[in-house]
Each structure stands twice: as C-alpha cells, then as structure tokens.
Amino acid sequence: MSGALKAISATPQPGPGATRQTGTVAKLIDTSLCIGCKACEVACQEWNDQPFQVGAYAGTYQTQPDLAPNFWNLIKFNEREQEDGHLLWLMAKYQCMHCADPGCLRACPAPGAIVQYTNGIVDFNSDQCIGCGYCMTGCPFDVPKLNPVTKKVQKCTLCTDRVSVGLEPACIKACPTNCLSFGTRENLLAKAEARVEDLRADGRRGAGIYNPAGVGGTHVLYVLAHADHPENYGLPRDPRIPWTVALWKGPLKWLGNALLAGGVLGAVFHYIRFGPWKTKEEPDDAA
Amino acid sequence: MPPDRRLARFSLAERLIHWSVALSFLYAAFTGIGLWSPRLYWVAGIFGGGATVSAWHPLGGLLFALVFALMSSRWHRQMRLDADDRLWLRHGHRFILHEEFGVLESGRFNGGQKALYWMQAASAVILVLSGLVLWFPEVMPRGVRLAAVLLHPVAAVASLTGLIVHVYMGTAAIPGALRSMIEGYVSRGWAATHHPKWYREVTRR
C-alpha cells in the first residue's frame, strides 16, 4: 500500500523496508483551530464505509464516550475548571497516533496482523488478525477496539489507501478550519513549531507540541495551547509501551525459552548420566 | 507377578481425572505456545490456525480448570507436607543424584511430588484468573489486563517446566510409574522402593 514494510508483528526479522531511507508522513492537529464541527468524524465514517451506531450520550457535545470498532475518529470535548476558576472547553480529535514504536505491534502474536510502513503508518491486516485483543493492552493510548461481530480489532489506518495514491486522509480533506494538515513529518514539525511560537506570543505560555518521546514520537502531532497539561485534552501525559508488555515480549521470552529448553535438555542429560531409578524386585520384608 | 500380589495405587476415577487434566492441559499448552513466540506460530497452525486457537485456547483452559479442581478436591488433603516430606525437600539434591535410598521417607506421594503439585496448583490459579482477563479484553480494566499479560506467560512457563519434570519422572526415570497411572497397579517391590511409608501402610492392613 504505502511503500515497503518497516516492521511486521510477530516476525523475528524486521520488515523488508527497514533499511530503506524514505521520508515519513504525519498528521498535524492544531487544537487551537478546532471548532468541534465533527466534519472529520463524518468524513472518516464515509471514506471507510463504517456504519454509525448510536452509542451512549454522556451529557456533552462529544459524539460518544470513546472510540469504537466502527468509529475511528472522535473529537473529545473536554470541560476543565482551572485553578483560578476559569473554565476551559478544549476540543481535540482523537485517533490512532501511529507511534514510531507501536505498542500494539509489539504485543501482537499473529505474524503480519499489524504492520508499520516505511512512511510511518501503522495498519492492521484483518485477514491475519486472530482477535486476541493483545494490541488493545499494548497500546498506551487505548485506541484499538475489538469488533464483536468480526472478532477483528480495528482502528484508524491514517487512510493508507488514500495516502498510497497521493491523496490526503479523509479527515484532513474535510477539515474546514485548517486545524488538520497532512504532509511530511519534518515539514509538519516545523509548521507546529512556528504555530507554537505564535501562540506563545499571544500569551499562551503553556503552548507546545505533543509528540511523546516515550513511544519514539508519533505520526500524529498536536499543537496544544496547554501542552503542559495534555491530560486536559484527554491525551496521556507520558505514554510509553507498558513495562509489563515490554518485559513479556522481551527478557521473559528468552528466559522462558531457556527454561523450557533447559528443562528438556536437563532431563535427557540426567537420564544419560544416571539412568532410571532402580526398583527392587521384591520388598525387603518379602516372605 | 500374579495380579493378586500387586498393590492398587490409583483408582479408576483418579486415573480418568488425571488423564483429563493431562489432555486439557496439553491442549491449552500447545495452543498457547503458538501464541507465546512468533517462531512457534506454526504450532497454532497444527491446531487450526491463529483465529481458531485464539477462540478455543480459553475453552481448553476452562476445561482444564474444571478437571484440575476436581482432581484437587480429591488430592489436596493427601498433598499436605509432613515432617518426612520437609526432610525430603531439604535433601532433594540427594534424590536427584540417586543417593536417597535409606535416607528419604515417602508416603503415597513424596515431598517432591507434593511440592510439584502445589506449584502446579498455584500456576493453575494464576493461569485461570489471568486467562479470564485476557479472554475478555474489551470489558476488563486496563490495569488488570497489564498484569495479566505478564502473569499468564510467567505461570505458563512455570507449569510447563514443572510438566517437563513430571513427565520425565513419570516415564523414563521411574519405570512402572506410567503403568501405575494407566493400569492402576504397582508391584510390591516398586511400592517398597519408591514409597516405603505408603507400602508399610497398605500392607499393614
């Protein structure tokens, strides 16, 4: 789709494109320009042929409380009271962050079910997905959702089908305020920095870029007017691959393999050295 | 040896339960091992492929939990460690080096068997509880899932290591042990050698 694969889930070797040097793409979400119109939500549903299912109403403008298997793009409407009593009404589009070091891919046990393209897009292959849901636990952003009907996990593809033919993602296309933009990650980081400068000059001293280093950076970048409090936007403060997942897929795997192989080898060696335990023909007290 | 000289070691019910535990455990173990390492994913292929394994591994685990509970309800009292068993465990290295004769006492089950049983029981509890969490990721709280993805493989490796020891001891290492779990009987010499205290108990009557 979008060029060669950089990483493939549950595959010991890196993807065939891992040594290629290509530019990467990104999506920039300038939350200071979001008006909460939800055009991106609709465009996402339309392009990806996802039926809208009426969910729960939680008393806000937010379409539904969380992402869903058939709903990959959600504007979170956050109401926060500041220490000085002022109310903040913050809108932030939420979707897959397309991490450079994706926790979902790390946790996935099915070869090829999750792939990372050289352009940075992380995508799920439903035909390889076994529906175990480990990716949901590996993701520090709680993005992938298990479809109860198909038993496949689904999420935003960054419109890899559009990107691979030179189009921008559907959400970007629909955004009326230029809150959303698409391009090379390098260019968008520069654009985000310039925008942060403007916001700071405007008196938004907490303005900054959300590009969490704990997951190696992301291919969805945010400009936040209050970057010192990303949780106010519904974004995790310091997302990283959970340590239990990293331990499970890292040292524990080797330790476990060594234990199991060592156990079999130990039994064989013991038998060769000692042979079977001797059994008496008759008990000593045999009459 | 005439059959009337042999000693009954495992009742029919015990043997049926033991092999139900064994088969359900092996099914869960082999399907689980396919998801444990990408290099072993081909094992999942033997059992119907990743999606089938993902759907049926929990069912195999549930069956294992039920028959293991049944086995425990029969055996957990007999698995309590007494003073002889503690002595056995302190001198476990002698047993491994074949230097135990005349040193270690053993009832129907020896200290090593009992310790293995408790290790397997603890692993089973962890496997079943964490397995339930992993079975329904969409409803389980995130913190619990994070613990389960670590605990499930840890307990699985522990119980598989225990299984390797158990299978070796029950087959190649102690001739007669496998037959006792299939046919239910052991020779008098076998009982007196490997479980002398038990031998004295059953022949006293």
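A:Thr184 is partly exposed, with 14 other C-beta atoms within 10 Å. (A residue is buried with 20 or more other C-beta atoms within 10 Å of its own, exposed with 12 or fewer, and partly exposed in between; C-beta atoms are placed from the backbone.) This is a predicted model: local features need pLDDT of at least 70, side-chain atom pairs count only at pLDDT 80 or more, and totals for chains, interfaces and linings use all residues. Residues are numbered from 1 along each chain as its sequence is written, and chains are lettered from A and ligands numbered from 1 in the order in which they are written.

**Around A:Thr184**

- A:Thr184 sits in strand E9 of chain A. Helices (H or I, at least four residues) and strands (E, at least two) are DSSP runs, numbered from the N terminus.
- Leaving aside neighbours within four places in sequence, A:Thr184 is in contact with A:Gly23, A:Thr24 and A:Val25. Contact means that the C-beta atoms of two residues, placed from the backbone, lie within 7 Å.
- A:Thr184 and A:His219 are 35 residues apart along the chain, and their C-alpha atoms are separated by 9.4 Å.

**Around A:Gly15**

- A:Gly15 is found in the loop between strand E1 (5–8) and strand E2 (25–30) of chain A.
- A:Gly15 is partly exposed, with 18 other C-beta atoms within 10 Å.
- Beyond its neighbours within four places in sequence, A:Gly15 is in contact with A:Ala4, A:Leu5, A:Lys6, A:Ala7 and A:Ile8.

- Which phi does A:Asp49 have? Its phi is near 55°, a positive value in a residue other than glycine.
- A:Asp49 belongs to the loop between helix H1 (39–47) and strand E3 (74–81) of chain A. A:Asp49 is exposed, with 7 other C-beta atoms within 10 Å.
- A:Asn178 is not a glycine, yet has a positive phi of about 65°.
- A:Asn178 is placed in the loop between helix H5 (170–174) and strand E9 (180–184) of chain A. A:Asn178 counts as exposed, with 10 C-beta neighbours inside 10 Å.

**Nonpolar cores**

- The largest nonpolar core has 100 residues. Such a core is a set of buried Ala, Val, Leu, Ile, Met, Phe, Trp, Tyr and Cys residues joined through C-beta atoms within 7 Å.
- Those with the most contacts inside the largest core are A:Ala92, A:Cys108, A:Ile114, A:Cys135, A:Cys171, A:Leu221 and A:Leu224.
- A:Cys108 touches A:Ser9, A:Ala10, A:Ala113, A:Ile114, A:Tyr134 and A:Cys135, not counting residues up to four places away in sequence.
- A second, separate core of six residues includes B:Trp190, B:Ala192, B:Trp198 and B:Tyr199.

**Chain B**

- Chain B has ten helices and two strands. From the N terminus on, its elements run β-α-α-α-α-α-α-α-α-β-α-α.
- The C-alpha trace of chain B spans about 60 × 35 × 30 Å along its principal axes.
- Chain B has 205 residues, and 31% of them count as buried.
- Among contacts in chain B between residues at least 6 apart in sequence, 64% join residues at least 24 apart.
- Helix H1 (residues 12–36) and helix H3 (residues 50–75) of chain B pack at an angle of about 150°, with axes 8 Å apart. Axes are lines fitted to C-alpha atoms, for helices over the stretch in contact, and angles run from 0 to 180 degrees between N-to-C directions.
- H1(B) and H3(B) are therefore roughly antiparallel to each other. Angles under 35 degrees count as roughly parallel, over 145 as roughly antiparallel, 65 to 115 as roughly perpendicular and the rest as oblique.

**Where chain A meets chain B**

- How many residues of each chain are in contact with the other? The count is 40 residues of chain A and 36 residues of chain B.
- Helix H3 (134–138), helix H7 (243–249) and helix H8 (251–274) of chain A each supply at least two residues of the side that touches chain B. H8(A) gives the most to that side, with eleven residues.
- H8(A) and helix H7 (residues 142–173) of chain B pack at an angle of about 5°, with their axes 10 Å apart. That makes H8(A) roughly parallel to H7(B).
- The contact includes A:Leu252, A:Gly256 and A:Leu259 of H8(A), and B:Pro153, B:Val154 and B:Val157 of H7(B).
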